[in-house]
Amino acid sequence: FAKETLSGDLDLKTGTGNVFLTFPKSAKIKTDFTSGTGQLTSALTNQTDAPYSVIMKSGTGSLTIQTF
């Protein structure tokens, strides 16, 4: 995202595969990550009261959140 979204949900589902997302450093997001075999790596702190959610469910895959 080139600029911060005020609110909403990004709902991702993969059977097998990794996901890489990039957000502005100022972004406030909450994450809900579920994977059979995978891990969450995030450059942003999970904020439970954030207006923007990233939800990912994967059988085999990781979620990486980077900043710019």
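**View 1. Thr67 is partly exposed, with a relative accessible area of 29%.** The model shown here and in the other views is predicted. Thr67 belongs to strand β6, which covers residues 63-67. Beyond its neighbours within four places in sequence, Thr67 is in contact with Thr22, Phe23, Pro24, Lys25, Ala43 and Leu44.

**View 2. Strands β2, β6 and β4 form an open sheet with parallel pairing.** The sheet has 3 strands, in the order β2-β6-β4. Its edge strands are β2 (19-23) and β4 (40-42), each of which pairs on one side only. From one strand to the next, the twist averages 10 degrees. Strands β4 and β6 pair in the parallel sense over 3 bridges. Within this part of the sheet, Leu40 has Leu63 of β6 as its bridge partner. Thr67, the subject of View 1, also lies in β6.

**View 3. Strands β1, β5 and β3 form an open sheet with parallel pairing.** This sheet has 3 strands, in the order β1-β5-β3. Strands β1 (8-16) and β3 (29-37) stand at the edges, and each has a single partner strand, so one side of each has no neighbour in the sheet. The twist averages 5 degrees from one strand to the next. Strand β1 pairs with β5 (residues 52-60) in the parallel sense over 8 bridges. Lys13 has its bridge partner in β5, namely Lys57. As background, strands of a sheet pair through backbone hydrogen bonds, either parallel or antiparallel.

**View 4. Phe23 and Tyr52 form an edge-to-face aromatic pair.** The count of aromatic pairs comes to 1. The ring centres of Phe23 and Tyr52 are 5.9 Å apart, and the planes make an angle of 65 degrees. That angle is over the limit of 60 degrees, so the pair is classed as edge-to-face. Phe23 is in strand β2 and Tyr52 is in strand β5, 29 residues apart, and the pair thus links distant parts of the chain. Phe23 has a relative accessible area of 4%, which is under 20%, so Phe23 counts as buried. Tyr52, at 7% relative accessibility, is buried as well.

View 5. Along the sequence the pattern reads β-β-β-β-β-β. The radius of gyration is 11 Å, which agrees with the value near 11 Å for a compact globule of 68 residues. Taken along the principal axes, the C-alpha atoms fill a box of roughly 30 × 20 × 15 Å. Of the 68 residues, 31% count as buried. Among contacts between residues at least 6 apart in sequence, 58% join residues at least 24 apart. The protein exposes about 4,200 Å², and carbon and sulfur atoms supply 52% of that area.

Key: Residues are numbered from 1 along each chain as its sequence is written. This is a predicted model: local features need pLDDT of at least 70, side-chain atom pairs count only at pLDDT 80 or more; totals for chains, interfaces and linings use all residues. Side-chain values use heavy atoms; hydrogens and water are left out. Helices (H or I, at least four residues) and strands (E, at least two) are DSSP runs, numbered from the N terminus. Buried means under 20% relative accessible area, exposed over 50%, partly exposed in between (1.4 Å probe, protein chains only). Contact means heavy atoms within 4.5 Å. Two strands pair if DSSP finds at least two bridges between them. Axes are lines fitted to C-alpha atoms, for helices over the stretch in contact, and angles run from 0 to 180 degrees between N-to-C directions. Rings of Phe, Tyr and Trp (its six-membered ring) pair if their centres lie within 6.5 Å; planes under 30 degrees apart count as stacked, over 60 as edge-to-face and the rest as tilted. The radius of gyration is taken over C-alpha atoms; the globule rule is 2.2 Å times the number of residues to the power 0.38. Accessible areas come from the Shrake-Rupley method with a 1.4 Å probe; for residues, only the protein chains shown count as cover.
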